[in-house]
Each structure stands twice: as structure tokens, then as C-alpha cells.
Amino acid sequence: MTSTDTSENLNSPGPAAATDSSRPAARDGTPVMLALHQTALGGPEVLQLTELPRPAPGPGEILVAVHAAGLNPTDFKHRALSIFLPPPPLTLGWDVSGTVVETGFGVTLFKPGDEVFGMLPYPYGTGSHAEYVTGPTRAFVAKPAGIDHVQAAALPLAALTGWQALVETAGLKPGQKVLIHAAAGGVGHLAVQIAKERGAHVTGTARAPKHDFLRELGANACIDYRSEDFTDTEARYDVVLDALGGENATRSVGVLRPGGVLVSLLPGAEDTLAAAEKAQVRAVTLLVEHDQAGMRAVAELVHRGRLRAHVSGAFPLAEGARAHVLAETGRTTGKLVITVR
């Protein structure tokens with residue numbers, strides 16, 4: 001499989017990406033760190049590089065020195081709106097790749113110095129957009145040796161979403177046909193690769209300039225959503241992965257064969273379930289979960305060269321607000337990553 005895996009270097013991390021891992025402690029001796037922190041909801045301007053107490057691992061947890069952390073749509077949505085999380089102050093970030101610094105009581109899987117990557121428990125386990133973060137041991141797996149921390153940080157949330165949607169929820173089988181909406185996006189471009197690895201025939205929706213990218217990932221067919229109606233076809237799919245929600249989910253019901261599965265990542269319109277019942281298809285909304293077995297599957301795909309994130313931009317922690325600005329355009333191919341070390 002061929003896939004695009006090099007950064008377009010929109011914002012090279014440069015020397016500023018490195019942070020001081022030996023930052024002086026606070027006056028009371030408490031270890032401190034820098035974090036991309038907010039004290040109010042709002043636009044990217046609410047994100048401030050802030051000195052905070054460094055967390056300590058509790059029982060069953062590890063303390064990770066963050067090397068890089070992925071940026072996902074859920075980050076900028078939670079920055080602006082009160083969805084799942086309590087009101088600020090808060091530090092966002094679920095994706096993380098880094099090095100174990102300390103282990104809490106009862107941890108047996110990792111030791112200091114181990115390189116790990118994973119997704120903090122969604123939605124309440126935020127905090128990876130910082131120099132250090134703690135999380136449950138079983139949210140992490142060993143980072144594949146063949147990729148760097150930037151590549152690793154781009155994978156967890158988006159790849160787990162694709163895996164849980166296509167493999168665990170839809171039970172995608174060889175020879176089945178799958179339609180992936182927003183196929184060049186963070187979840188989409190990884191889902192294309194996962195579906196191809198499962199032996200599926202993959203159609204992706206994206207703007208025409210991104211079709212070559214999708215074909216490099218293995219897509220069999222591409223639809224330009226700006227000039228083509230994906231419902232204007234005799235084709236019927238076994239699975240649709242919809243990252244758009246709303247009316248798009250309802251319209252997707254019409255391209256499924258009876259017995260097919262619609263997996264939406266956002267709520268559909270009010271009539272989606274009714275339309276699905278009438279068409280004799282299954283329609284579900286997926287909320288990604290941290291899952292060590294899923295992360296091991298992702299790591300194995302990476303190890304075998306079957307899955308690779310396309311990183312279109314990397315931003316130092318101090319410039320994380322700029323990453324949010326770019327992410328909110330909705331025009332990013334693949335993933336954006338915040339670099340820390």
C-alpha cells in the first residue's frame with residue numbers, strides 16, 4: 001500500500017517545539033509544566049500557554065512526558081462549546097505520544113523510559129496538550145518503532161474511531177462495499193486504509209483535488225461532493241461511515257442495501273432512525289472509547305505498513321491556537337499535530 005505520510009510543513013515545529021523537561025519547581029516545591037490552557041470558552045484566542053502543576057500518576061496510571069499530541073475536531077468544538085466536559089478551566093487533548101516518566105501503584109505493563117502512544121479516556125480524560133499528562137495504563141500501548149512521535153500522535157483517536165466503526169460495529173468483511181464520507185479528513189483517511197486492509201471495496205467523498213490522495217490510500221472510487229450527489233447512483237453499500245451527521249446521515253440510509261449498517265460519528269437528523277427502520281438497515285451513532293485491544297490492532301497495522309497517518313501540519317505547543325485556526329477551516333487533509341518535545 002502506498003500512502004502519503006510526510007508533513008506539508010505548513011508550520012515547522014523548529015526549535016520552539018522543544019520544551020524544558022527540567023523546568024524549575026514552584027516555590028512550594030511542586031513540579032510544574034506548561035500547558036495549552038483555557039479559562040473560558042471561545043475562539044482560539046482563549047488558549048494560553050500557562051504554567052500549571054505537573055500531575056502525578058494515581059493507582060493504575062502512568063505519567064507521560066508528551067512528545068506530540070494530535071489535534072481533532074472534538075478539541076476545537078470543546079474549546080468553544082460546553083458539550084461533554086465541565087466548564088473551564090481545562091486543558092484539552094486526547095491523543096498522546098511520549099515517554100513514560102513515572103508509574104503509579106499497581107502498574108505492571110510499562111516502566112519509566114518506555115515509549116507509548118494512546119488515547120486518553122474520551123470524553124473526560126483530557127489534558128495531552130501539555131508537557132506532561134497522566135492516564136490509565138491500559139489507554140496506552142508501545143509506540144511502533146517504525147514511526148516517530150508526530151506520526152504516532154496523529155493516530156489514536158481517529159484510528160480507533162475508524163476501527164471501532166468499521167470492524168467492531170459494522171463487522172466489515174472482505175468483498176463488502178463501504179462508503180466513507182469526508183474520506184480525506186482525520187478519521188476518513190485512516191478509515192479508508194482500515195477498510196482496504198479488511199478487503200473491502202472503498203468509495204470516498206472528498207473535494208476533487210483530494211481524489212489522487214485517496215487513490216494513493218487505496219480508495220477504489222471517489223465522489224466530489226461539491227459537484228456530485230452521492231445518492232444519485234444505483235450502487236448499494238454494505239456500510240456507510242458518516243462523519244458529517246445531520247441530513248447527510250439520513251440521505252446515507254438510501255444508499256445502503258437492506259441489512260446494511262450506517263455508522264455516524266455525529267447525531268443524524270430526527271428522521272434518520274425512522275428512515276433506517278423503513279429501509280431495513282441499522283443506524284447507530286458511535287462515540288469512540290479508549291481501548292487497549294483496539295490500540296494494539298492499530299499498532300499492528302502500523303507495524304505491517306498497512307496504516308499511516310498523513311500529517312499536514314505540525315505546530316509547537318506555544319502556537320497551538322494557530323493549529324486550531326487551521327483545523328476549523330475544515331480543509332485540512334489528514335491530521336494536524338501539536339509538538340511538545
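Which residues do ring pairs link into a cluster? Ring pairs join F84, W94 and Y122 in this way, and the paragraphs below lead up to that cluster and then move on to other parts of the chain. The model is a predicted one, in which local features need pLDDT of at least 70 and side-chain atom pairs count only at pLDDT 80 or more, while totals for chains, interfaces and linings use all residues. Residues are numbered from 1 along each chain as its sequence is written, and side-chain values use heavy atoms, with hydrogens and water left out.

A pair of aromatic rings is described by the distance of the centres and the angle of the planes. Rings of Phe, Tyr and Trp (for Trp, its six-membered ring) pair if their centres lie within 6.5 Å, and planes under 30 degrees apart count as stacked, over 60 as edge-to-face and the rest as tilted. By this rule there are 2 aromatic pairs. The rings of F84 and Y122 have centres 6.1 Å apart and planes at 80 degrees, so this pair is edge-to-face. Because F84 lies in the loop between α1 (73–80) and β4 (90–91), and Y122 in the loop between β6 (115–119) and β7 (132–136), the pair ties together parts that are 38 residues apart in sequence. The pair of W94 and Y122 is tilted, with 4.9 Å from centre to centre and 50 degrees between the planes. W94 lies in the loop between β4 and β5 (95–103), so its pairing with Y122 ties together parts that are 28 residues apart in sequence. Helices (H or I, at least four residues) and strands (E, at least two) are DSSP runs, numbered from the N terminus.

How accessible are these rings? Buried means under 20% relative accessible area, exposed over 50%, and partly exposed in between (1.4 Å probe, protein chains only). F84, at 35% relative accessibility, counts as partly exposed, whereas Y122 is buried with a relative accessible area of 15%, and W94 is buried too.

Another ring, that of Y132, has the charged end of R54 over it, 4.8 Å from its centre, and R341 lies over the face of Y132 at 4.7 Å from the ring centre. A charge sits over a ring if NZ of Lys or CZ of Arg is within 6 Å of the ring centre and within 35 degrees of the ring normal.

Finally, V192 lies in helix α4 (residues 186–197), and it counts as buried because its relative accessibility is 0%. Leaving aside neighbours within four places in sequence, V192 is in contact (heavy atoms within 4.5 Å) with residues including I180, V202 and L217.
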